[in-house]
Amino acid sequence: MFQRILIANRGEIALRVIRACRELGVECVCVYSKADEGAPYLELADEAVCIGPGPARESYLDIPRIIAAAEITSADAIHPGYGFLAENAHFAEVCRDCNIEFIGPSPEAMARLGDKVSAKRIAREAKVPVFPGTDGAIDDLDEAAEVAKKIGYPVIIKASAGGGGRGMRICRNEHELRQNVSSARQEAESAFGNGAVYIEKFLESARHVEVQIIGDKHGNAVHLYERDCSVQRRHQKLVEEAPAPHVEPRRRDEVCKAAAKLIKKAEYSGAATVEFLMDDKQNFYMLEVNTRVQVEHPVSEMITGVDIVRTMILVASGEPIPFKQRDIKIRGHAIECRINAEDPDRNFAPFPGKITRFDPPGGPGVRMDTHCVAGYVVPPTYDSMIGKLIVHDDDRRSAITRMERALDELHIEPIKTTVGLHRRLMQNHAFIEGGVDIHFLERLLKK
Ligand code: MV4
């Protein structure tokens with residue numbers, strides 16, 4: 001096992017990793033920027049090192065500074081959390097060159113699955129369903145138009161290096177396709193330094209279902225079942241739950257096994273999420289693979305009893321996954337509400353500032369993952385998520401009731417947050433019935 005882990009992240013996920021380190025008896029070092037100076041979670045680390053000014057480019061994204069911090073503090077591993085450098089294959093490679101274990105996949109496996117054209121190719125080889133479309137990146141317009149004609153409109157242009165909805169174009173006819181390909185390419189080139197784009201059949205309405213996987217360095221991959229993350233706005237998830245409501249047991253088995261097969265085929269170790277769209281007949285199609293621990297990992301932890309962050313650390317140190325697939329059973333239902341410092345009435349504009357009252361909820365089946373306390377100042381510098389409220393209960397209905405109860409106990413003042421919207425969601429008829437699609441929240445907000 002490692003002696004010391006450096007946590008190359010901030011906020012609630014940094015605290016989540018600190019807790020995992022403590023329980024494993026591993027020391028931990030936090031890096032922080034000027035904007036996070038004095039943050040209370042830093043006190044819980046064995047050491048904290050300032051790595052630069054607030055802007056992430058000069059701190060949480062600055063590879064030489066992070067490596068220097070690891071070397072100065074004798075850290076033998078780095079946990080990247082999510083965001084920042086978590087899916088940067090170059091960073092994983094620099095860690096390897098510096099003899100520091102990156103707690104995540106090898107740079108090669110990260111590249112194989114992080115690139116969507118490559119991930120789709122591996123998925124096809126593993127017989128994992130994908131949308132029909134071009135086999136690889138588009139070379140020329142005529143070829144793209146031919147493929148689109150064959151699969152039928154609408155089609156969607158996606159950037160191979162994109163993700164989370166960036167660099168997509170929906171095309172409803174050949175004219176739109178011909179218009180969009182070159183601009184999509186240019187946008188991808190300037191945003192990701194990789195102009196490769198591909199097209200596939202566009203599905204108008206679907207649910208976002210994603211499967212949590214853990215792979216190890218011995219060729220094993222175990223799934224921790226699926227999450228439904230359909231409640232989102234502009235590709236920002238707001239509510240996630242596990243298991244996905246109204247999924248037939250046979251389908252569940254199929255989608256989870258498909259995801260595990262893909263991860264095995266890619267010789268991937270660490271935590272991964274395989275994203276799918278599921279249509280109203282429960283056909284599923286792989287979208288992309290996230291090669292990191294995700295914000296919403298706690299709902300999978302709550303229904304399976306597996307500590308995902310601890311397991312990531314174990315497998316990075318070379319241990320085999322300490323459980324078998326047959327040991328993993330779904331127990332009850334879990335829901336997560338993301339608590340953001342945002343004003344839902346002002347188009348979700350960030351609302352940083354000092355929190356004077358912070359009362360997190362408690363009691364049975366309630367978990368709040370947050371780095372906030374009364375007196376904490378939410379900096380304007382980073383994303384606006386200030387915590388996650390997670391509940392677990394025997395079934396979905398009880399979990400919703402428990403979430404309402406927990407939301408009533410939660411008081412954050414005076415900043416604006418998404419708490420009120422979550423209250424409204426927990427009482428929404430369509431949400432309570434379950435199985436809302438990816439356009440549900442945007443439709444609700446228009447009303
Ligand atoms: C799609 C799609 C429909 N058809 N692909 C958006 C984020 C990225 N992961 C992929 N996305 C989509 N890909 C095909 N072929 C619709 C979306 C999509 C979406 C997916 C998941 C969650 C929310 C979404 C919101 C709008 C569009």
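**Group meeting: helix pair, sheet and hairpins**

Helices H6 and H7 cross in the right-handed sense. Before I go on, note that this is a predicted model. Two packed helices are described by the angle between their axes and the distance between the axes. Here, helix H6 covers residues 141–151 and helix H7 covers residues 174–192. Their axes come within 10 Å of each other, and the crossing angle is roughly 140°.

Which residues of H6 meet H7? On the H6 side they are Leu141, Asp142, Ala144, Ala145 and Ala148. On the H7 side they are Glu174, Leu177, Arg178 and Val181. By type, the residues of this contact divide into 6 nonpolar and 3 charged, with no polar ones.

Next, the open sheet. This sheet has 5 strands, in the order S3-S2-S1-S4-S5, and the pairing is parallel. Which strands are at the edges? They are S3, residues 47–52, and S5, residues 101–102, and each of these pairs on one side only.

Further in, strand S1, residues 4–7, pairs with strand S4, residues 77–79. That pairing is parallel and runs over 3 bridges. Within it, Leu6 has Ile78 in S4 as its bridge partner. A helix also packs on this sheet: H2, residues 63–72. Helix H2 touches S1, S2 (27–33), S3 and S4. The direction of H2 makes about 155° with that of S3.

Now to strand S10, which spans residues 221–233. Is S10 mostly covered or mostly exposed? It is mostly covered, with 13 of its 13 residues buried.

S9 and S10 form a hairpin, with 5 residues between the strands. In that turn, Gly219 has a positive phi of about 85°.

Gln232 stands opposite Lys237 in S11. S10 and S11 form a hairpin too, with 2 residues between them. The turn residue Arg234 has a positive phi, about 50°.

Methods:
Residues numbered from 1 in each chain as written. Predicted model: local features only at pLDDT ≥ 70, side-chain atom pairs only at ≥ 80, totals over all residues. Heavy atoms only, no water. Axes fitted to C-alpha atoms, helices over the stretch in contact; angles between N-to-C directions. Helix = DSSP H or I, 4+ residues; strand = E, 2+ residues; numbered from the N terminus. Left-handed = near helix turned anticlockwise from the far one by under 90°. Contact = heavy atoms within 4.5 Å. Nonpolar A, V, L, I, M, F, W, Y, C, P; charged D, E, K, R; others polar. Pairing = 2+ DSSP bridges. Buried < 20%, exposed > 50% of the residue type's maximum accessible area, 1.4 Å probe, protein only.
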